[in-house]
Amino acid sequence: MAEINNTALDKRHPRTLCKKRSTSVDLAPMVDLGFILLTFFVFTAAIAQPMAMKMAMPNDKNDDIHDELCESCVMTVLLGKDGDIWYYEGKGKYTTEKMTDYSAQGIRKLIQKKKKAVYALKQEDRFVLIIKPSGQANFKNLVDIVDECSISLVKRYYIDEMNTVDKNWLSEVIVPAR
């Protein structure tokens, strides 16, 4: 650990009665103790686990259940390329092309506005959001829209595939706009 060296004498004054001694401290045990403590804290620390959002998946085994949606309660979102979101309200009604983005003033404001309108109409939360990602949308777009559903407290949202009518409508809307 620590040692005192007795061999060092003052060379300038050989007759001096006072001897100068050098000391040295061995730090190897201190380094070992540091690594032991570091290892202990690393192994005993609680590692944060990634949390997954719970999704309710439909039961496709029973064909007898048919849940009819009211047309005024539904908003359909089509995820396009480059972060574009095209949406329409109602079931399959392509009245006017409407586009928004993922900002708080974009899709979040639209979802909250539609939720309030449905609640005012039906006096209960019956709002349904249908999400249809196109082949040009990336996974980040899908995660962002599901996050917006979580932020806006949307109870019912469905992720569906785009049918041919949606694909044709989206291609007609995007080509003239760009």
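In the predicted model, K114 is in contact with S72, C73, V74, M75, E89 and F127, once its neighbours within four places in sequence are left aside. This lysine lies in helix 2, and its relative accessible area of 9% falls under the 20% limit, so that K114 is counted as buried. Helix 2, which covers residues 104-122, packs on the sheet and touches strand 3 (74-79), strand 4 (85-89), strand 5 and strand 6. The direction of helix 2 makes about 165° with that of strand 3.

The sheet on which helix 2 packs is open and consists of five strands in the order 5-4-3-6-7, with mixed pairing. Its edges are formed by strand 5 (98-100) and strand 7 (156-159), each of which pairs on one side only, and the twist from one strand to the next averages 25°. Strand 4 is mostly covered, as four of its five residues are buried. Strand 4 and strand 5 also run antiparallel, joined by three bridges, and Y87 stands opposite K98 in strand 5.

Helix 3, comprising residues 139-151, lies across strand 3, strand 4, strand 6 and strand 7, and runs at about 175° to strand 6. At 1.5 Å a residue, the 13 residues of this helix should span 18 Å, and this expectation agrees with the computed separation of its end C-alpha atoms, which are 18 Å apart. The buried residues of helix 3 are N141, L142, D144, I145, V146, E148 and C149, and they pack against strand 3, strand 4, helix 2, strand 6 and strand 7. In an α-helix there are 3.6 residues a turn, so residues three or four places apart point the same way. Among the buried positions of helix 3, N141 has a relative accessible area of 8%, which is under 20%, and is therefore classed as buried. Helix 3 is followed by L153, whose phi is positive, near 60°.

Considered as a whole, the protein chain contains four helices and seven strands, which follow the pattern β-β-α-β-β-β-α-β-α-β-α when read along the sequence. Of the 178 residues in the chain, 28% are buried, and the accessible surface comes to about 13,600 Å², with 58% of this area belonging to carbon and sulfur atoms. Among the contacts in the protein chain with a separation of 6 or more, 60% are accounted for by residues 24 or more positions apart.

How values were computed: Residues numbered from 1 in each chain as written. Predicted model: local features only at pLDDT ≥ 70, side-chain atom pairs only at ≥ 80, totals over all residues. Heavy atoms only, no water. Pairing = 2+ DSSP bridges. Helix = DSSP H or I, 4+ residues; strand = E, 2+ residues; numbered from the N terminus. Axes fitted to C-alpha atoms, helices over the stretch in contact; angles between N-to-C directions. Contact = heavy atoms within 4.5 Å. Buried < 20%, exposed > 50% of the residue type's maximum accessible area, 1.4 Å probe, protein only. Areas by Shrake-Rupley, 256 points an atom, 1.4 Å probe, with all protein chains shown as cover. Expected span 1.5 Å × (residues − 1).
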